[in-house]
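This briefing is for a reader who is opening the structure for the first time. Please keep the sequence and the 3D view at hand while reading.

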Amino acid sequence: MDINSRAHFDATPDQVVAMMSDPAWWQDVYRRTRATTSNPVVTDDALILDVAMPAPSQVAKFVGPTLTAKQTLTWQPAHSDGSREGTLQIVPQGMPAKADGRACVRPDGTGTEVVYTGTFTVSVPLVGKKLEKAAGPHITQAFTMQQQAGDDWLVSH
């Protein structure tokens, strides 16, 4: 499954990267999707955290009622215009699946645009594509929640 998402924030690229590097922001994003985060590790260029969420019914057959995953977001140094490139990886535990993507934060004239591109794959013979399709709405919802949580975070910071 392809991942293509865009968001716009009324802030500078540095402010948006600071937001996206804040474990509290991710906690709010995932709370809005009925998930939780834990064990955040923040370094100069990365944020790693564990995510737990109710497993979709098709996935619960494989992992039980809760789907857990490790999320890693890593940033490259800023370009002269403040833009940043990064990688985002989400690896569910207990099933052969992963989301691999790129994140781009760039000024867009009235603020900052965040673009995610990548893929989500489930490597289970015969049912992998069906599971990817079942996960699609949950992935889309998480990106929608990033916009809403980001708007709220930026107002309060």
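Predicted model: local features only at pLDDT ≥ 70, side-chain atom pairs only at ≥ 80, totals over all residues.

Residues are numbered from 1 along each chain as its sequence is written, and side-chain values use heavy atoms, with hydrogens and water left out. Helices (H or I, at least four residues) and strands (E, at least two) are DSSP runs, numbered from the N terminus.

**Helix α2 and its packing on α4**

- Helix α2 covers residues 23–31, and helix α4 covers residues 128–156.
- The axes of α2 and α4 are 8 Å apart, and the two helices pack at an angle of about 130 degrees; axes are lines fitted to C-alpha atoms, for helices over the stretch in contact, and angles run from 0 to 180 degrees between N-to-C directions.
- That angle makes α2 oblique to α4, because angles under 35 degrees count as roughly parallel, over 145 as roughly antiparallel, 65 to 115 as roughly perpendicular and the rest as oblique.
- The crossing of α2 past α4 is right-handed; a crossing has that name if the near helix is turned clockwise from the far one by less than a right angle, and is left-handed if anticlockwise.
- On the α2 side the contact involves W25, W26, D28 and V29, and on the α4 side A142, M145, Q146, A149, G150 and W153; contact means heavy atoms within 4.5 Å.
- The residues of this contact divide into seven nonpolar, two polar and one charged, where Ala, Val, Leu, Ile, Met, Phe, Trp, Tyr, Cys and Pro count as nonpolar, Asp, Glu, Lys and Arg as charged, and the others, Gly among them, as polar.

- W25, W26, D28, V29 and Y30 are the buried residues of α2; buried means under 20% relative accessible area, exposed over 50%, and partly exposed in between (1.4 Å probe, protein chains only).
- D28 has a relative accessible area of 18%, so D28 counts as buried.
- The side chains of D28 and R32 make a polar contact at 3.0 Å; such a contact is a pair of N or O atoms within 3.5 Å, and within protein one must be able to donate a hydrogen and the other to accept it, while residues adjacent in sequence count only if both atoms are side-chain atoms.
- The N-terminal end of α2 is capped by D22, with a side-chain oxygen 2.8 Å from the backbone nitrogen of A24.

**Helix α1 against α4**

- Helix α1 (residues 13–20) and α4 cross at roughly 110 degrees, and their axes come within 11 Å.
- This makes α1 roughly perpendicular to α4.
- The crossing of α1 past α4 is right-handed.
- Q15, A18 and M19 in α1 meet G150, W153 and L154 in α4.
- The residues of the contact of α1 with α4 divide into four nonpolar, two polar and no charged.

**The loop between α2 and β2**

- R34 lies in the loop between α2 and β2 and is exposed, at 66% relative accessibility.
- The phi of R34 is near 70 degrees, a positive value in a residue other than glycine.
- Most residues other than glycine have a negative phi.
- A35 is also placed in the loop between α2 and β2, but A35 is buried, with a relative accessible area of 5%.
- Beyond neighbours within four places in sequence, A35 is in contact with Y30, V51, A52 and M53.
- A35 and P54 are 19 residues apart in sequence, and their C-alpha atoms are 7.0 Å apart.

**Strand β2**

- N39 is in strand β2, has a phi near 55 degrees, and is exposed at 52% relative accessible area.
- V42 belongs to strand β2, residues 36–42, and is partly exposed at 46%.
- Not counting residues up to four places away in sequence, V42 touches S21, P23 and L47.

**Strand β6**

- G101 sits in strand β6 (residues 97–107) and counts as buried at 17% relative accessibility.
- Leaving aside neighbours within four places in sequence, the contacts of G101 are G86, T87, L88, T117 and G118.
- From G101 to L49 is 52 residues in sequence and 16 Å in space, C-alpha to C-alpha.
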